[in-house]
Amino acid sequence: MSALALVFLGIEWARPLGLVALLLPAIVLWLARARPLWPTVAIGTLALWEEVAPPISRSGARPRGPVDLALVLLAIALAFGAIALAGPRPAHAASALTWRIVVDRSPTMYRANAAGELPIATAARAAERWLAENVSRADRVLWQAPGGSRDERSEGLSMPSDWLRAPHIPRSPPRFAEEDRAGTLWITRAPLAVSPRTAGVCAAAIQPSHGPIAVVGTTRFDWNGERILEIAGGARPARVIATSELPAPIDAFVATWAEARSLAYERGASSEDGALLTLRRAPDGPERTIDTGRDGWRAQGVVRGSARVSDDDGDLETWLDQGGVPIVTHAPGRIEIAWSDMQRPSGDPAAFAVSWAALLDSALLPHPAVVPPAERMARAAERFEPPRAPPDSEARTAAVDAGPKIAAWLSLAALALALAAWRAKSRQSSPFAASSSAN
Amino acid sequence: MSDTVFFPNVRFDARFAARLDHFALSVRAMHERREGGGRAGLAGSAGEFAFHRPYRPGDDVRRLDWNLYARLDQAYVRVARRESAEHWLVWIDTSASMGAGPPGKLQLAAEIAAGVAAVAVASKGEARVVASNGRELRVQARRELPRVVSFLESLVAEGVDEARVLPAHGPALADAARVFVVGDLSGRTPRDVLSLARGRRWLGVFQILAPCEFEPPAIDRVRWLDPESRRTLDVECDPATTARYLARLSSAQEEWRKACARHGAVFRAVPSDSAFETLLTEVLVR
């Protein structure tokens, strides 16, 4: 579909500039009205007429008559021709298709290659080029970046520029298997874990890169292209912080869990920079006593307000609630707790530990410098496959195909009307045939 | 006159020369048949030999061709061209009013002139074609007919008709046996023309009118323009007005007809879409 197409009056016009030709019939009618309809005929017997006919007007003003049939037919013919020139077709041809661009904003997309280019930038450029050439102006292009605690969305032919910066909270890759649909284009990097069947893909090339593959305490493990190097003291311990005072059972367990993970646990930290996990108290609210639990443990305590289910970085998932009131919510990198005071949990102590350890592990961010070995060693060429058109594109194609037929019928009608106009004019001019001023 | 219905020029198509030849021969043949009735026409008994015709009782035996009789054993008389029939003159009005049409009145006038010239030279006579603008051409032989055609095609309906231009051709008129006055007679009176009908001279007056002058078209309104005076008149061609016009035209033509009859002249009023052959045949073969 041409990008110049325009929807007007509920019809799509393939060549909207052709509508300018609609001025022609207007000009023809205007000129026809401007000139007298009465013929001026030379005769040699004017003296006789002067004797017998009372003059209507001897003034120089030229009499004007109504527009005659031939001119009306000609004007209609010109109008039909102009409309045909503009290429009308059913408005369905201009119905907006929705193209979905699913963007992988996982950390791997922000690791620059040897040339300093980010995979997300490379893949997005390829996608934007394809969109510019293949997508109508009327179409809707929806950019989506799932994988975070909140799906990011944007519309337009270009990816939002701030998506070129790595998100504050690292995201997991989209579940591409669930995004394998017509009209969907993936932006990720090669190699693909899942090959699309109907979706398209813009996958940036990836090359082996040296660097950290793990951090344990202060020991860093690097891959140098051939083997893994253990560098003692090569890293600062990753931090887990509590920005406010936590209930004693929780605080004690977090400390134990952090030690087991070789993480540094800081209480009352003022800065979250570099922290792989932040534990915080929910904003103060109405105080009440609750008795709640999960996974085989229960605890009585006092809560102030409720844990938030969203913050500036996105949505938080409720992990524990009481009567529908969130008590503990979490998202990658953060856990929010409504308890201000908690008694020792009842039940099997191990149940409490396992339950909370699972929560802490799921919320713990990966070390920012660490890239899994498989990813470090991966090598894959870039890959581009255009997506199949969205489902309603068939109807649109049919509508576009109907355009030339409509134009042909209009042209035929214009021709017939022009012939009718010519015939009407011929009949009209019969009293003084042989054409005026002919010889 | 860019948007005026006006046809000032003369154009002959490629078949016109053949039409002329055919017309001249057919007129001559008709005359030959009529000569059998003993009536004088284009040819007479004295002067230059013109042709033979079968002898009929009452013919002057002195005109018998005895040599032919001896060879064919049939009696033929010699027919000679009359001296007085040798010079014909056609006067054509080329004023602007002759551009009314279609077809233009000047077109039929030119065709009549060509037809007269063709008949004249076919009868071994000569013809002089005189235009009202002062130009003229004399032809004496059939081979000169293309010159006549070219001359006539060069005429353009323009200017004003000078009512007294005919008498100015007095010397040319002196020996003309037949004079054809061809025009729309606009602005002329019978007196202007009939002075030409003197002695034994034959005078034909042909009023050519455009079809729209003869029978105004059934249109609501029209602006009539006199191309000579440039006067205009916006007219509603309703039946009553048209009837008054036709009655006035008929009255004027009747005046011409009566005046011509009094002077022994022939008057014919024809529309410009007429065939010159029909008109000339009717007046030449009488």
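Tutor: Two strands pair if DSSP finds at least two bridges between them. Helices (H or I, at least four residues) and strands (E, at least two) are DSSP runs, numbered from the N terminus. This is a predicted model, in which local features need pLDDT of at least 70 and side-chain atom pairs count only at pLDDT 80 or more, while totals for chains, interfaces and linings use all residues. Residues are numbered from 1 along each chain as its sequence is written, chains are lettered from A and ligands numbered from 1 in the order in which they are written, and side-chain values use heavy atoms, with hydrogens and water left out.

Student: How many bridges join strand 13 of chain A to strand 15 of chain A?

Tutor: Strand 13 covers residues 239–242 of chain A, and it runs parallel to strand 15 of chain A. One bridge sets A:Arg239 against A:Ala275 in strand 15 of chain A. The number of bridges joining the two strands is 4.

Student: In strand 22 of chain A, which residue is the bridge partner of A:Leu279?

Tutor: Strand 15 of chain A is also joined by 4 bridges to strand 22 (residues 334–337) of chain A, and these two run parallel. In strand 22 of chain A, the partner of A:Leu279 is A:Ile335.

Student: How many residues of strand 15 of chain A are buried?

Tutor: Buried means under 20% relative accessible area, exposed over 50%, and partly exposed in between (1.4 Å probe, protein chains only). Strand 15 comprises residues 275–281 of chain A and is mostly covered. The count of buried residues is 7 of its 7.

Student: Is A:Thr188 buried or exposed?

Tutor: A:Thr188 lies in strand 8 (residues 184–189) of chain A. Contact means heavy atoms within 4.5 Å; leaving aside residues up to four places away in sequence, A:Thr188 touches several others, among them A:Asp104, A:Phe176 and A:Cys202. Its relative accessible area is 4%, so A:Thr188 is buried.

Student: Which residue in strand 12 of chain A is the bridge partner of A:Phe221?

Tutor: Strand 11 (residues 219–223) of chain A pairs with strand 12 of chain A in the antiparallel sense over 4 bridges. In strand 12 of chain A, the bridge partner of A:Phe221 is A:Glu230.

Student: Which residue takes a positive phi in the hairpin of strand 20 of chain A and strand 21 of chain A?

Tutor: Strand 20 (residues 317–322) and strand 21 (residues 325–331) of chain A pair in the antiparallel sense over 5 bridges. A:Glu317 stands opposite A:His330 in strand 21 of chain A. The hairpin has 2 residues between the strands, and the one with a positive phi near 60° is A:Gly323.

Student: What percentage of the residues of chain A count as buried?

Tutor: Chain A contains 8 helices and 25 strands. Of its 439 residues, the buried share is 43%.
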